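Trainee: I have not looked at this one before. Can we go through it together, chain by chain?

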Amino acid sequence: MTYVDKPTVSNVVKFDDPKVKKVKKITVMLNTGTDIYQGACKKRGSTLKDEYRKVAGVAYMDPKDMARLAVGNWESVKVKSDWGEVICYAAHSRDAPHEGMIFIPKGPWANVVVSPETYCCNDPTYKGIEATVEKSDKEVLLMADLMRSVYRKYTKNEKNVDELPSLGEMPVFTKK
Amino acid sequence: MEYILKNGIVYDPTNNVNGDKKDVMIKDGKIVDNVSSDAKVLDVTDKLVMAAGVDVHSHIAGPKLCLGRLYRPEDSRAGVVAKTDITRAETGFSIPSCSATGYRYSRMGYGTVTEAAVPPLEAKHTHEEIMAIPNIDVSPLALFGNNWFVLQFVKENDLEGLAAFVSSWLKISRCYGMKVVNPCGSEAWGWGQNVHGIDDPAPYWGVTGGEVVRALTKVNEMLGLPHSMHVHPNDLGHPGNYPTTIATLDVVKDIEKNPNVLRDQTIHCTHLQFHSYGGTSWRDAKSGAEPVADYINKNKHVTCDVGQVTFDETTTMTADAPMEYDLYKLTGLKWANKDIELETASGLIPVIYSPKSPVSTLQWAIGLELFLLIKDPWQVVLTTDSPNAGPFIRYPRIISWLMSSDRRTEMIENKEVHNWASKRTSLPTLDRVYDWNDIAITTRSAPAKILGLEKRGHLGIGANADVAVYDIEPENFDATKASNAAVVEDVLTRAAYTIKDGEVVVKDGKIVKIVPSRHMWTNVTGFEQQEKKVLEDIMPMFNRYYTVKFENYKVFDHYIDPAIEFTIDASK
Amino acid sequence: MKTITLTLKKFSSIALEFEELIPDTVYNWNKEDFENYQVPVGNSRFPLTNYFDIEVEGDAEGPEDVKMILEGDMGRVKYIGYRMTDGEIIVNGDADLQAGAEMIGGSLKINGNAESYVGREMRGGNIEVMGNVKEYCGTSYIGEWRGMSGGVIKVHGNAGKQLADCMSGGEIYIGGNCDILAGIHMTKGYIEIGGDVTRWPGGQMKNGTIVIKGKLSYLLEGFDPEGVFVDPEVDGKQLAGKYIKYKGDVGVNGKGSLWLDAEKNRNLL
Amino acid sequence: MVYEEPVTDYDHIVENCTCAFCGSNCDDLDYLVKGNHVVAVRHACRLGASKIMEDEDQRLKVPMMRDENGELQEVDWDTALDAAAELIANAVRPLFYGWSETSIECMKKGLELTEYVGAVIDNQATICHGPTVQAVQNVGYPLMSLGEVKNRADMVVYTGSNPMNAHPRHLARYSVFPRGWFRQRGRFDRTLVTWDPKFSDTAKMSDIWVPFEENGDYAFCNAIRAVLKGKELKEDVISGIPKQDIIDLTEAMKNVEFGALFFGLGLTHTLSKQRNIDIAIGLVQDLNAYTKWVLLPMRGHFNVNGFNIFMAYQMGFPYGVDFCRGYPRYMIGETTTVDLLNREEPDVFMVIAADPGAHFPGGANMHLANIPVIQIDIHWGPSTELADIVLPGTFIGVETAGTSYRMDSVPIHMKSAINPPETCREDEWIVNELYERVKKIKEEAK
């Protein structure tokens, strides 16, 4: 049972606004945290599915920033920080305006770009991270593929993990 | 398992045994007068033998203890002990972890402890902690003094309804008896206020503390609960509060005791030391122990425990939340507070009782005055209101003070304590000392009787085989000597044997066996019709204003395993 | 004089705990004692010789005669100098968490960087760190409102966040820069920061002194200016130059003093 | 979204079940059960309903272990448990993380195992409200049960928290909308305030929105405290808020009858972390000199607070407790999970009822790729992709009964409504089984 294909987002990005200057890359402050779509999908246990990448592998952006990058809803962007880079969907933020700020719901995609530094306070730095966003033509990975690509726990010897066949949207294991 | 404790010097005041050399025999967890030849002999020749200790008032399990542990890691760190093959790790000084609580009471020779404040909404939490405490049986008291239903019944003067409510709420919370804390004051704290004295009504309800205490005491006797009304009066810790204390005790004077109960009193006033202050402010504060002791000496319907200050860094915690905020304003130390919907409030703050401080010393001296001025030891029980005036592990030290007026004089004269002890109290003039028999009364026999526990606090035939043996020879030892005070403290801190229900749990001051603590609760029968009606009446209010469902409110059986049920027939 | 030299030969990613190896306990140990010693690592103990080459020279009557030299990367050796009362420890490399924690006397010198909790709850003695320290240098234990109460910590590099939380005595000198909330909840003692400070020094401080010789980026509202002083004497120390003095944190009725170099912080004049 | 017809095809209803999602622990849920499946849930929010009506496709149903190619293979329980016990028994720095979505009864067994082997035990507080706990330990904790807010509060403040997304029924059931004894008109009797840099879904429905700037929390609270002490503010704008707005807000907060401050990860995760809470607590303590104020952290998982309570009463410390030396040790940044992973210390990692794969920074998770990971959970999730041994547990509050503690520390017995899948085992049983097997290995080695 599944509830949403993807979160409902408004679609008022004005690409032709003459005041908006087009750029290739913007610098933003990245925040992460929970939102209701991510929470519902994660706790239902649908993390392998397409739905999860649509609710957690998404950067909610200010529409002006999207216009500057010429990126529309559900197009791919590359988010990069000191800690790594990840391909996410771009989507119009419900909480806009907040130019210069993006929000990625907590999940494996956000984890790639947040900082593990706790400053001796046990809690890593999930908010207020400097990052850049640029348009990308790569596809957002499904959860299992992302985990394989990032951590390479069982593919240490593979040369090009990203070329392996997708692990798909269902559990992969050998039955007895 | 059978045991025979051979040739001990036995103090058993309930049965008028006063330092006689005799054997104590144990079979199937009970004291018996005869054992078979298979009985294991424990040679305790000339050693001090008493029933296991009974604590009438302590804070050992439940939400505010846990809040204390949660927010005082520096206190937890102060009592860290590594695990052994038998025991689990211990932590905590003033608020020990659950296992440490059980071990430490057990090592002192205690077998029964009253947890003095249970908010029914969080009673499951209290019982969970009791499950985690080993080696002592626990009698929890539920809080009623600021409960909205109680205030409503009192307002409507519906004693019948109130009795049915109490009876069903004891079943729901699985508690042993009733406790009242700063009646109407903790409700006023819901608005950041307090009440002053017993005639100051709670905001909105228009009911006074005096009315609440009177109504609940009547109900207590109507139902014939084993323990009496257990009250923490209004105005705790305020200079000049002793008239409120006396007024609280006097407001129930004419209420007749239920004839079926073991106890003599109708009201037990807890941590009396905190309620016996004269003066008008901390500037001119002085002891109010004399008038209070005088009242108790003249009135047999009253018992008390002291709440003796021990000069430690401890944690105060009480359902008297406004008092804790006052204390926060005085000291500025970290303040915690926990208000419970429709039921009560509570507050916590770390406190340092220093012998250099005039106020701490005054409190210390007032406590000792009460011990020494109240003539009948059956009316006054040793407590520290643990951890409020000091941690319970200090009981042996208090005993050493009670047994030696020389030691007390030494402390005052050597300036170990502030001179308020002599300037503001009568302590230096009191040369009374407790003997071992008095100690047995104030730490075992009296608390057991006050709680209405027939089978505890004594060594008569049929009593629970809860026994403590201490490595001291009363006949060859002078406890009145100041220089022996440290020995008394040391020896009583580590029992030679603690026996719980016929099993040796402590030997030579070390835990040798872990047994689960039992949850003691009172089941009132013969009141079912009234209870059913009351529940129907209050259910709309319950459903609307609580935030949990009634079905999920009660304490289920598996939270009180193992339990001791005290069945009371209220129709008698 | 006894010189004990421990030279790291195998790095363990699971930290070694060194609180038993302080001058107070080892002053009468000979080489064999060290070779027989098992050092706590995780939930086990392993021979010290697995990790160190050991040299012992000379004799000592007490801890005051001991000089311990730890050679190599001590980045996974915790509790160096923990609760030591006397003697000397020199770390020729980085030190891990809790170096000099609860130290009572003696001296600890780290010729490298140190992790968090350097000199936690220190009561006396001297700690000198040639490199940087991370968070919570000279702090209290969590929940404890009485922090470092004596001794001197000197850091030549930078300090991390929340330097000297709840400090209640002693002196701390930071040569480099310092991150947020230095001296938070401080009640007594002296902190001197040679470099720049990011934000909010002295948050909720009740008393004590903080001197900042570099640029402060963000001052809290809880600090009231009390004037500009030239070559002021602060806690018995003569400062050179012009300083702006603040009192705070008023949010907690604090009477602490915060001194900012006037030249570097002209925007506040 | 399409309209769905109400479910009418069910066998029976189980009433007053407790939601196993967030820290609100709503205990008024009715499960509609048909053939040992919950086919519909009444009263739950979207989050609660979605968890209870779980995704069967990804349910972990059988024990699994990685083979030499790194592929998961189904094994029998004995094989999986023995292998896991072997790993734990031989570990030098084992770390047992999670616990916030299981019962207190299971934690009891977990703690016994931890103490026995000398491991570190920690829960999700370490990445969410750990800083709150630290702040509480520094300055105090004036809190209340949620009914106090419902019955008395006339001002409710949410900061760094977006309950409309994370605790959807919080406003409706406890704080803002319900009619309370002294607030009979419900929402109309209360002022709802949100302090948040974002115009969040909660801010959108508030009477007052205070959009202080990102990382401005500490200075903002500091300014309010200074105003309370009668100080004139120097700057015209503090943390992005005009001076006069701060003065007006302070005045309003002083003049309510009962105020409640709820705060979330927006405070714990920004620049000054625990100090944001520290000063917010100080502010609430100050306000009590004028009127009644209380506060409460918005806890995330239904038993995340339960673990902290459980550890506090069992061992005196709330989370991140290290038993490697035989006694409990609690040292922030030293005995806490993410720090240990960053330092690459743990050599065996057991995760139970938690999902570090989804919630830890990649930099910390990277170490999980180097060491054996044992997972006990009910769903296949990101952590399964890093797990070497997978042990399928049961669903507390739906399939297995157990105790939990609400965000305000009210204990709730969560009942079970249906039977767990036959091939799964209760968490408590699994952990106890590991304990027994580890004990056997260790005793034999002696």
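Trainee: How many residues of chain C are in contact with chain B?
Mentor: There are 9 residues of chain C in contact with 9 residues of chain B. Contact means heavy atoms within 4.5 Å. Before going on, keep in mind that this is a predicted model, where local features need pLDDT of at least 70, side-chain atom pairs count only at pLDDT 80 or more, and totals for chains, interfaces and linings use all residues. Residues are numbered from 1 along each chain as its sequence is written, chains are lettered from A and ligands numbered from 1 in the order in which they are written, and side-chain values use heavy atoms, with hydrogens and water left out.

Trainee: What area do chain C and chain B bury between them?
Mentor: About 690 Å², with 55% of it on carbon and sulfur atoms. Buried area is the accessible area (1.4 Å probe) that two parts lose on being put together, summed over both.

Trainee: And how many salt bridges cross the interface of chain C and chain B?
Mentor: The rule finds 3. A salt bridge is a side-chain nitrogen of Lys or Arg within 4 Å of a carboxyl oxygen of Asp or Glu. B:Arg77 forms one with C:Glu102, where the closest N and O atoms are 3.8 Å apart.

Trainee: Which chains share the most contacts?
Mentor: Chains A and D, out of 5 pairs of chains in contact. Chain D brings 81 residues to it and chain A brings 60 residues. The area buried between chain D and chain A is about 5600 Å², and carbon and sulfur atoms give 56% of that.

Trainee: What about polar contacts and salt bridges between chain D and chain A?
Mentor: The rule finds 8 salt bridges across that interface, and 45 residue pairs in polar contact, both residues at pLDDT 80 or more. A polar contact is a pair of N or O atoms within 3.5 Å; within protein, one must be able to donate a hydrogen and the other to accept it, and residues adjacent in sequence count only if both atoms are side-chain atoms. A:Arg94 and D:Asp201 meet in a salt bridge at 3.4 Å, N to O. On the side of chain D that touches chain A, helix H1 (residues 46-52) of chain D gives the most, with 5 residues. Helices (H or I, at least four residues) and strands (E, at least two) are DSSP runs, numbered from the N terminus.

Trainee: Where does that leave chain A and chain B?
Mentor: No contact joins chain A and chain B; their closest C-alpha atoms lie 16 Å apart.

Trainee: Which residue of chain B pairs with D:Lys415 in a salt bridge?
Mentor: B:Glu551, with the closest N and O atoms 2.5 Å apart. D:Lys415 lies in the loop between strand E22 (411-414) and H17 of chain D, and B:Glu551 in the loop between helix H18 (528-545) and strand E24 (563-569) of chain B, so the pair joins two chains.

Trainee: Is D:Lys415 buried or exposed?
Mentor: D:Lys415 counts as buried, because its relative accessibility is 18%. B:Glu551, at 29%, counts as partly exposed. Buried means under 20% relative accessible area, exposed over 50%, and partly exposed in between (1.4 Å probe, protein chains only).

Trainee: Changing topic. What is the strand order in the open sheet of chain D?
Mentor: The 9 strands run E5-E4-E20-E19-E18-E6-E7-E16-E17, with mixed pairing. Strands E5 (72-74) and E17 (329-330) of chain D are the edge strands, each pairing on one side only. Two strands pair if DSSP finds at least two bridges between them.

Trainee: In which sense do E19 and E20 of chain D pair?
Mentor: Parallel, over 4 bridges, between residues 373-377 of E19 and residues 389-392 of E20. The bridge partner of D:Asp377 is D:Pro392 in E20(D).

Trainee: Last one: where is D:Trp209?
Mentor: D:Trp209 is in strand E11 (residues 208-210) of chain D. D:Trp209 counts as partly exposed because its relative accessibility is 32%. Its side chain reaches the backbone oxygen of D:Asp196 at 2.9 Å, and a polar atom of that side chain lies 3.3 Å from the backbone oxygen of D:Lys198.
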